[in-house]
Amino acid sequence: MEIEVNLVPPEKRGSLPADPLNIGFGTVFTDHMFTMVYSDGHWHDARIGPYGPLALDPAALVLHYGQGIFEGMKAYRRGENVFLFRPEKNIERLNASARRMVMPEIDPEFGLYSIKRLVSIERDWIPQLPGTSLYIRPTMIATEARLGVKPAKEFLYYVILSPVGPYFKGGFNPVKVFVSDKYVRAVRGGVGAAKTIGNYAASLLGTQEAIRLGYSQVLWLDAIERKYIEECGTMNVFVKFDDELATTPLDGAILPGITRDSVIHMARDWGLTVNERKISIDELIEGVRSGKVEEVFGTGTAAIIAPIGELYYKGQAYVVGDGQVGELTRRLYDTLTGIQSGEIEDPYGWVVRVE
Ligand SMILES: *Cc1c(COP(=O)(O)O)cnc(C)c1O
């Protein structure tokens, strides 16, 4: 399929804010977006055009029943070089989410090609300072206008871009996490493994209550027993016990993170024992108390690695280690962000250059 390109005239384009370190996350958008329409059983009308509001029928199925999915990835720029990180994994996961939500898949090669074209056009929007990048948000929504609860037959796929500043404003510092035994994020058999829009609405109330108590994220427990740790906010979670690095297995309730997969790969490559296994909240808290748990951290595209310095569970706060960033956490962060931005040689073939 050809992409029809309709560029905004240069004098009407915006530009990257002067201080990219203070943009925050997802507040500024670039001049163009990619769109593609699904109807009559196929994708068509692939376009790159001006960024702007969508015209949606008020009965569009996404607005009523949540048939919508998205992805999150980043482009990095250093000098004239622009890099994506394992982008084919995001497209694979978008298609896995689509299957779960009864939505059409996109052609993986065309999906990657369209993202590269868009990022290439918007390369001057990519900030270059350490910790900054261009966040890429591929999104698919059910646009068919009908109020019956049935899978839609018409969809819109679009990609928007947003320059983002560093996740950690005051430096790479640990976050404080509230363990919720009241609310759950997802349940096995449900849609927790899909990056589907309703999961995020479901997490808002628990997160708001955690923030009111001075915590920045919720550590979610499994929905059935409220016994095993699952995810932290919108991040996967890792625990370092003595010589073992453990993380929750992909059992259908958690999102299969690409950062998670990369961390497992790197840690094994460095000779650590990495186990994908259930970690009970009791084992975690007991390990934090005894010192057996040395480090806890979250992983995801937004933060890459987020050190966890404190856990609050059943009325009590527990400091992890000495409350500072652990050695392995820092090494993973430095290496992964170095590979992603092209500053460290990529031994795994993960980095994809955008021409
Ligand atoms: C996107 C996401 C992650 C992280 O996935 P990455 O591919 O590493 O960015 C983890 N958990 C949830 C719930 C997510 O939405």
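Visitor: Which elements each supply at least two residues of the shell around the ligand?
Guide: Those are strand β12 (235–241) and helix α5 (258–269). Keep in mind that this is a predicted model.
Visitor: And how many residues surround the ligand?
Guide: The count is 14. K195, Y200, E231, T259 and T301 are the closest.
Visitor: OK, contacts. What does E231 do there?
Guide: E231 has a polar side-chain atom 2.5 Å from a nitrogen atom of the ligand.
Visitor: Which ligand atom does the side chain of T259 face?
Guide: An oxygen atom. An N or O atom in the T259 side chain lies 2.6 Å from that ligand oxygen.
Visitor: What about T234, backbone or side chain?
Guide: Backbone. A polar backbone atom of T234 is 3.3 Å from a ligand nitrogen.
Visitor: How much of the ligand does the protein bury?
Guide: It buries 96% of the 380 Å² that the ligand exposes when taken alone.
Visitor: Where does the ligand sit?
Guide: In the largest pocket.
Visitor: New topic. How many salt bridges does the structure hold?
Guide: There are 19. One of them joins the side chains of R77 and D124, at 3.2 Å from N to O.
Visitor: Which parts does that pair tie together?
Guide: R77 is in strand β5 (residues 73–78), while D124 is in the loop between α3 (108–121) and β7 (133–142). So the pair links parts 47 residues apart in sequence.

Key: Residues numbered from 1 in each chain as written. Predicted model: local features only at pLDDT ≥ 70, side-chain atom pairs only at ≥ 80, totals over all residues. Heavy atoms only, no water. Near = heavy atom within 4 Å. Polar contact = N/O pair within 3.5 Å; in protein donor to acceptor, adjacent residues only side chain to side chain. Areas by Shrake-Rupley, 256 points an atom, 1.4 Å probe, with all protein chains shown as cover. 1 Å grid on protein atoms, 1.4 Å probe; cavity = no way out; pocket = protein on both sides within 12 Å on 5 of 7 lines; lining within 4 Å. Sits in = over half its atoms within 2 Å of the grid points. Helix = DSSP H or I, 4+ residues; strand = E, 2+ residues; numbered from the N terminus. Salt bridge = Lys/Arg side-chain N within 4 Å of Asp/Glu carboxyl O.
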